[in-house]
Amino acid sequence: MESDSNKPLVSIIMPVFNREQLIRESIESVIAQTFLNWELLIVDDGSTDLTMEVVAEYGCNDSRIISLKRESGNKGPSCCRNIGIEKARGKYILFLDSDDYLTSICLEKRVQLFSENPDNDFIVFPMGKFQEKIGDNPGPANQELDLDPLQRFIGFNLPWTVTSPI
């Protein structure tokens with residue numbers, strides 16, 4: 001049995017399908033975190049390009065990067081996230097799409113806020129957006145609206161992006 005001292009505190013789950021050209025930047029944004037107690041579970045959904053070879057390169061250099069592969073046909077990111085959840089060892093779970101990036105203090109700030117608010121089941125953070133490079137499209141992607149977030153969620157008017165909650 002694994003001791004708590006060997007377990008990651010945060011499990012980052014990244015579904016992936018044919019992202020050979022983009023996944024390096026996403027993985028590197030995780031590696032660049034100021035908070036180091038994480039694992040990155042990359043769940044392949046049947047890529048036909050060199051995506052998993054790129055992932056394997058990173059995994060050889062960093063044991064916190066774990067590649068998982070779905071075996072039967074393309075099922076989409078939700079199925080891959082569920083596989084990641086089953087394999088996750090962390091106390092906290094964060095979803096990260098394979099074309100998204102984390103700022104270097106992302107995990108540090110999220111874990112800090114959880115330590116200050118231990119009764120919370122989840123916390124939602126803003127997520128920025130960009131077109132060509134970070135900073136070229138200011139403002140958060142998950143804009144605040146007048147509606148209650150739970151009512152928006154129930155009505156399929158999602159109040160946040162997949163990377164926003166932890």
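**View 1. Arg81 lies over the face of Phe95.** The distance from the ring centre is 5.6 Å. A charge counts as over a ring if NZ of Lys or CZ of Arg is within 6 Å of the ring centre and within 35 degrees of the ring normal. This is a predicted model: local features need pLDDT of at least 70, side-chain atom pairs count only at pLDDT 80 or more, and totals for chains, interfaces and linings use all residues. Residues are numbered from 1 along each chain as its sequence is written, and side-chain values use heavy atoms, with hydrogens and water left out.

**View 2. One aromatic pair is found in a search of the whole structure.** The ring centres of Tyr92 and Phe114 are 4.4 Å apart and the planes stand at 20°, so the pair is stacked. Rings of Phe, Tyr and Trp (its six-membered ring) pair if their centres lie within 6.5 Å; planes under 30 degrees apart count as stacked, over 60 as edge-to-face and the rest as tilted. Tyr92 belongs to strand β4 (residues 92-95) and Phe114 to helix α4 (residues 106-116), so the pair ties together parts that are 22 residues apart in sequence. Helices (H or I, at least four residues) and strands (E, at least two) are DSSP runs, numbered from the N terminus. Both Tyr92 and Phe114 are buried. Buried means under 20% relative accessible area, exposed over 50%, partly exposed in between (1.4 Å probe, protein chains only).

**View 3. Strand β2 is mostly covered.** Seven of its seven residues are buried. Trp38, Leu40, Ile42 and Asp44 point one way from β2; Glu39, Leu41 and Val43 point the other way. β2 runs parallel to β1, joined by seven bridges. Strands pair if DSSP finds at least two bridges between them. Val43 of β2 is the bridge partner of Pro15. β2 also runs parallel to β3, through five bridges. Here Leu40 stands opposite Ile65 in β3.

**View 4. Helix α2 (residues 51-61) has a buried side.** Its buried residues are Thr51, Met52, Val54, Val55 and Tyr58. They cover an arc of only 155° around the axis, which puts them on the same side of α2. The arc is that of the directions from the helix axis to the C-beta atoms. These buried residues pack against β1 (10-16), α1 (23-31), β2 (38-44) and β3 (65-69). Contact means heavy atoms within 4.5 Å. The face turned away from the buried side carries the exposed residues Cys60 and Asn61.

**View 5. Asn18 lies in the loop between β1 and α1.** Its phi is near 50°, a positive value in a residue other than glycine. Asn18 is partly exposed, with a relative accessible area of 28%.
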